[in-house]
Amino acid sequence: MTAHPPSAPLGDGTRAVRAGLPEPVKNEPPLPGPVFAAHFHLPGDVEGPYTYGRDSNPTWTLLERAVAELEAPGDESAETVVFASGMAAVSAVLLSRSRAGDIVVLPDDGYQALPLVRARLEAYGVEVRTAPTADDAQLDVLEGARLLWLETPSNPGLDVCDVRRLAEAAHAGGALVAVDNTLATPLGQRPLELGADFSVASGTKGLTGHGDLLLGHVTCRDPQLAADIRHWRKIVGAVPGPMEAWLAHRSLATLQLRTHRQWDNALAVAEALAGRPEVTGLRYPGLPGDPSHQRAARQMWGYGSVVSFTLPDRAHAERFLAALELVEDATSFGGVRSTAERRGRWGGDAVAEGFVRFSAGAEDTADLVADVLRGLDIAAT
Ligand SMILES: *Cc1c(COP(=O)(O)O)cnc(C)c1O
């Protein structure tokens, strides 16, 4: 490899294909395969990077470097800790940083498992306050808080808050700030550069993008915060398998190709939906008229693959989903194959019966838009 740093900042595609690769070694593969080990040879004193498989693993190390490079390009101090799932990463930050008597501020429209974490925090004696993501409303409940949790864009409502503004206010009051960056991926948004202390995400969604594994990650710049998160992972043992970690790293090479196509497809689908009288409550932060657009444009590099909208009622939404041929009726989002679901079937989210969360995949744009319009036509009759 070159001995000189590149003269200009590298583009997303270049960074994605190279992320976390080790220095080339003659006769070795560019991305070493998964290391399956519960323990490592350890004669004598306990020293060196790899001792026991719950503490560390070389396949995680490479993936952690890759995600850190994407979350904080050019920042050598950024450190990522990978987890077995997004919720393992989310609860690592929320549970490890909170003590009885602390005040934690959550969004009231975040991921559907957040209220479960809230109940756990309250059981431990933590005071939890919530406010909507929209209009930076969490600013109003920050007084005395130790930790502010943001989710932007929020899932599934797609509201956006101003991370810089909220982080500044939280820091002024002595609180740490975490952002759930799942929907955007590190190519769409870089929370640490916007002032957050933690960027947390589910790698199950767009980061890995193939709907075949669960993963989570936490990235921060402060070595003590990172060490605390690593320590928490060791205690709860929420570790990813080496195979999942390796598949995730392999998937990162196509992150830019996938996300850019998905963002283009999401915008095209949103534009097609905008022309339909039966569609209400259409949300996509990339649409110039969307209530989230101004804030999103100031802090995001791409607006994500998720579009949400409401059809007249449950039966109409079910007819639409059944009529789609290129879009699978399934939960989750961010995958290469488009998916959509009637979110109300889960309960838990405050959404209408006809509310649909649509995740644009990497299909050809014209094919996907044609399928959506055809599905709407069938559902309308
Ligand atoms: C899916 C998701 C999570 C949880 O991730 P898992 O990998 O399913 O545990 C957390 N936050 C957001 C915004 C999500 O979409």
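Me: Is serine 332 buried, partly exposed or exposed?
Reply: This is a predicted model. Serine 332 sits in the loop between strand E10 (328–329) and strand E11 (339–342). Its relative accessibility is 27%. Buried means under 20% and exposed means over 50%. Serine 332 therefore counts as partly exposed.

Me: What is the phi of serine 332?
Reply: Most residues other than glycine have a negative phi. Serine 332 is not a glycine, yet its phi is positive. The value is about 70°.

Me: Is leucine 158 buried or exposed?
Reply: Leucine 158 lies in the loop between E4 and H5. Its phi is near 65°, a positive value in a residue other than glycine. Its relative accessibility is 0%, and the limit for buried is under 20%. So leucine 158 is buried.

Me: Which peptide bond has omega near 10°?
Reply: Most peptide bonds are trans. In the loop between strand E4 (147–151) and helix H5 (163–172) lies proline 153. The bond from threonine 152 to proline 153 is cis, but with omega near -5°. Proline 156 is also placed in the loop between E4 and H5, and the cis bond with omega near 10° runs from asparagine 155 to proline 156.

Me: Which residue follows H7?
Reply: At the start of H7, a side-chain oxygen of aspartate 222 comes within 2.7 Å of the backbone nitrogen of glutamine 224. The helix then has 14 residues and reaches 20 Å from its first C-alpha to its last. After H7 comes a residue with a positive phi, near 70°: glycine 237.

Me: Which element gives the most to the lining of the second largest pocket?
Reply: The second largest pocket has a volume of about 330 Å³. Its lining has 23 residues, with Met87, Tyr111, Asn155, Ser202 and Lys205 nearest the centre. H3 and E6 each supply at least two residues. With three residues, the element that gives the most is H3.

Me: Which residues does methionine 87 contact, leaving aside its neighbours within four places in sequence?
Reply: Methionine 87 is placed in helix H3. It is partly exposed, with a relative accessible area of 25%. Its contacts are Tyr111, Ala113 and Val117.

Me: How far does the side chain of serine 56 reach to the backbone oxygen of proline 49?
Reply: Serine 56 lies in the loop between helix H1 (12–18) and helix H2 (58–71). At 13% relative accessibility, serine 56 counts as buried. Not counting residues up to four places away, it touches Phe40, Pro49, Tyr50 and Thr51. The side chain of serine 56 reaches the backbone oxygen of proline 49 at 2.8 Å.

Me: Is threonine 310 buried or exposed?
Reply: Threonine 310 is found in strand E9 (residues 306–310). Beyond residues up to four places away in sequence, it touches Glu278, Val279, Thr280, Ala352, Gly354 and Phe355. Its relative accessibility is 15%, so threonine 310 counts as buried.

Terms used
Residues numbered from 1 in each chain as written. Predicted model: local features only at pLDDT ≥ 70, side-chain atom pairs only at ≥ 80, totals over all residues. Heavy atoms only, no water. Helix = DSSP H or I, 4+ residues; strand = E, 2+ residues; numbered from the N terminus. Buried < 20%, exposed > 50% of the residue type's maximum accessible area, 1.4 Å probe, protein only. Contact = heavy atoms within 4.5 Å. Polar contact = N/O pair within 3.5 Å; in protein donor to acceptor, adjacent residues only side chain to side chain. Expected span 1.5 Å × (residues − 1). 1 Å grid on protein atoms, 1.4 Å probe; cavity = no way out; pocket = protein on both sides within 12 Å on 5 of 7 lines; lining within 4 Å. Points joined across faces, edges and corners; volume = space filled by probe spheres on them.
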